[in-house]
Amino acid sequence: MASQLNVDLSAYHFPIVFKNEKLRQWPCFKWSINDWITKCRRIKFPFRIHSIEKNQKVVQWENEAVAYLEATLDQFVEWQNLESVSENNPFYKFPKSEFWSYSSYNYMKDIFKTEQEVLQSVKWSDLKLSNDLADPDGRRTTFWIGTKYAYTPCHYDTYDYNIVAQIKGKKLWILFPEDDAKFLYPTRIPYEESSIFSSVNILNPNFIEHDQFKNSHPYIVLLEPGDLLLVPHHWWHFVYCIDDDNGCCISVNLWQPIDRQYHSITCESMISLLTSALFSHFESESVNWINDKHKHQLCTPEEAMKYIIVWAEKCAQENNGDVYEKNCVPENIELPKNAIYVSEKTLEDINQIFKWKSTLTSEMTSSQIAAKDVIDCILHPEVITLIVNKLVSTQKRKGCK
Ligand SMILES: O=C(O)CCC(=O)C(=O)O
């Protein structure tokens, strides 16, 4: 077991699923839905509501929900399990057959700050996967609860790698390697700090607008209660609640830092500079360009500029910025006990699940370029990388003087 603890999980460059018995020992894993309701009775969770549309033509972005509301777990479970709910239930107006709901991205330290028992029931270090895996005060762990059909659009996180523990219900994860970016049409609108979204609607892709998607390499895994998933650094992922337990699909995840992410930090600071400078000038259009939870993270152009200067200097000192090796088969690294690689599948396998209805027309509403298109190009990750690389070269030349 000692060698197991020395495992450096950041060294795995392909997604891995662990069937980890120790996760089943976490107190929260043993709780029934009624236990969860009792333990969370004082907590109001922020939920967003989206309509369940078969063959939806475009991505349902977080910032374009039908409604946003706050509710207790009791009210959520009642909505999911009773034929109808009373008027004082915040979900009252939303028939469960027509709408899905998600309370996503809740930092445990915030949402459970008054409920230490819940906060302490997630015990990463007990998994004995790696010496580094621990987050006793819930600063890096997030809590997700959704109904069946709730989903997180395809994206990748610019920092860290990720460990996900499935607690209740089942989630389908469709992952793509970093190099698939060219097939996934990256976008920074909606803006969310450190998330790069794909414009492709995985539930029903438009192969006319996104014709390169056909060349992508999906890796697919169904996460069941008790499963752990390692999402390597910069892997794209689309996550779909495919089955629930009494209406609930619950998971927690931990973002685990990797060293020297100076290049990513500089790129994110550059995005902050550009979004804060550009979005405000196109206010009427920009209303819906930022995911709500991230509005407070927008800094002023002056603040963003300060970050850029500091981090570009760090990058220059580090030579190439991020020293992270990408997408290479790990050599001499044994797979940890009870772990398997997630297997590569085909788009036809995704089609089997979602039964795509082929979209033969382009969804583009106008042939004319809009301000949003211009800004989307400026914020494109390839453009940002180019700017940051130029900046780092400038810093290096100045450093030589
Ligand atoms: O569980 C989900 O819906 C999404 C989780 C996610 O995006 C992440 O862990 O980075």
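**The ligand and the strands behind it**

Student: Which residues are around the ligand, and how do you know that they belong there?

Tutor: They are Ser104, Trp144, Thr152, Asp157, Asn162, Val164, His237, Val239, Ser251 and Asn253, and each counts as near because its C-beta atom, placed from the backbone, lies within 6 Å of the ligand. This is a predicted model, in which local features need pLDDT of at least 70 and side-chain atom pairs count only at pLDDT 80 or more, whereas totals for chains, interfaces and linings use all residues. Residues are numbered from 1 along each chain as its sequence is written.

Student: How many residues of each class does the shell around the ligand have?

Tutor: Three are nonpolar, six polar and one charged, where Ala, Val, Leu, Ile, Met, Phe, Trp, Tyr, Cys and Pro count as nonpolar, Asp, Glu, Lys and Arg as charged, and the others, Gly among them, as polar. At least two shell residues come from each of β6 (151-157), β7, β13 (236-243) and β14; a strand here is a DSSP run of E, at least two residues long, and a helix a run of H or I, at least four long, both numbered from the N terminus. By that rule the protein chain has 13 helices and 15 strands.

Student: Why is β14 called largely enclosed?

Tutor: A residue is buried if 20 or more other C-beta atoms lie within 10 Å of its own, exposed if 12 or fewer, and partly exposed in between. Seven of the eight residues of β14 (249-256) are buried, so the strand is largely enclosed by the rest of the structure.

Student: What makes β5 (141-146) and β14 a pair?

Tutor: Pairing requires at least two DSSP bridges between two strands, and β5 and β14 have six, in the antiparallel sense.

Student: How many residues of β12 (227-231) are buried?

Tutor: Five of five are, so by the burial cut-off the strand is mostly covered. Asp227, Leu229 and Val231 point one way, Leu228 and Leu230 the other.

Student: Which residues have the most contacts inside the largest nonpolar core?

Tutor: They are Leu175, Leu228 and Leu229, in a core of 67 residues; such a core is a set of buried Ala, Val, Leu, Ile, Met, Phe, Trp, Tyr and Cys residues joined through C-beta atoms within 7 Å. Another core lies apart from it, with 20 residues, including Tyr262 and Ile265.

Student: How do you know whether Leu23 is buried or exposed?

Tutor: Leu23 has 23 other C-beta atoms within 10 Å, and is therefore buried, although its place is in the loop between β1 (16-19) and α2 (27-30). Beyond four places in sequence, Leu23 is in contact (C-beta atoms, placed from the backbone, within 7 Å) with Phe29, Leu127, Ala165, Gly226 and Leu228.

Definitions and conventions:
Contact = placed C-beta atoms within 7 Å.
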